Amino acid sequence: MNKALFLARDGVINVDKVHVSRSDDFEFAEGIFELCRKYQSEGYLIMVITNQAGIAKGLYTEDDFLKLTAWMVEQFQINSVDISKVYHCPHHPDFTGPCQCRKPNPGMILQAVKEFDLNISECVLIGDKETDLEAGKRAGMPESNMHLYKSENQ
């Protein structure tokens with residue numbers, strides 16, 4: 001079985017500027033590449049789990065999100081970090097109704113566990129909101145492996 005580092009995007013990977021959908025507006029959090037290289041060197045797969053309500057709200061398209069994600073993953077590669085997968089929830093309960101993927105629901109984490117044969121008890125989650133940690137808890141991740149973080153740039 002594998003282990004993974006799960007990262008929320010906005011507020012952990014990048015400065016949360018609310019509904020970021022273009023690379024021009026994307027500002028990487030200080031130290032994020034070093035953090036990921038450390039975990040990667042310890043055998044962790046790097047995964048991103050991100051709520052993207054801006055898609056449901058019509059503020060940007062799924063294609064806009066995918067283009068930004070491809071650019072972000074490329075920036076990680078340039079900095080010697082392999083992102084194994086980016087999971088996103090394009091829903092918002094007020095616009096699309098309930099779903100199992102929107103954090104605090106554990107859908108994105110559970111999908112990664114299945115796809116990558118992860119041992120959830122060895123996985124680590126870093127989020128900037130309580131809903132991130134709740135998703136990890138609902139997925140069965142030990143609370144000691146979940147960390148609340150805000151980038152220093154915020």
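How many helices and strands are there in the protein? There are six helices and five strands, where helices (H or I, at least four residues) and strands (E, at least two) are DSSP runs numbered from the N terminus. This is a predicted model, in which local features need pLDDT of at least 70 and side-chain atom pairs count only at pLDDT 80 or more, while totals for chains, interfaces and linings use all residues. Residues are numbered from 1 along each chain as its sequence is written, and side-chain values use heavy atoms, with hydrogens and water left out.

Begin with the whole chain. From the N terminus on, the order of elements is β-α-β-α-α-β-α-α-β-α-β. Buried residues (under 20% relative accessible area, 1.4 Å probe, protein chains only) make up 49% of the 154 residues.

Next, select strand 2, residues 44–51. Seven of its eight residues are buried. Strand 2 pairs (at least two DSSP bridges) in the parallel sense with strand 1, residues 3–8, over six bridges; here Tyr44 is the bridge partner of Lys3. Strand 2 also pairs in the parallel sense with strand 3, residues 83–89, over six bridges, and Met47 has Lys85 as its bridge partner there.

Now select helix 5, residues 107–116. Its buried residues are Gly107, Met108, Ile109 and Ala112. These pack (contact means heavy atoms within 4.5 Å) against strands 1, 2, 3 and 4 and helix 6. Finish at Asp117, which follows helix 5 and has a positive phi, near 50°.

Notes: Buried means under 20% relative accessible area, exposed over 50%, partly exposed in between (1.4 Å probe, protein chains only).
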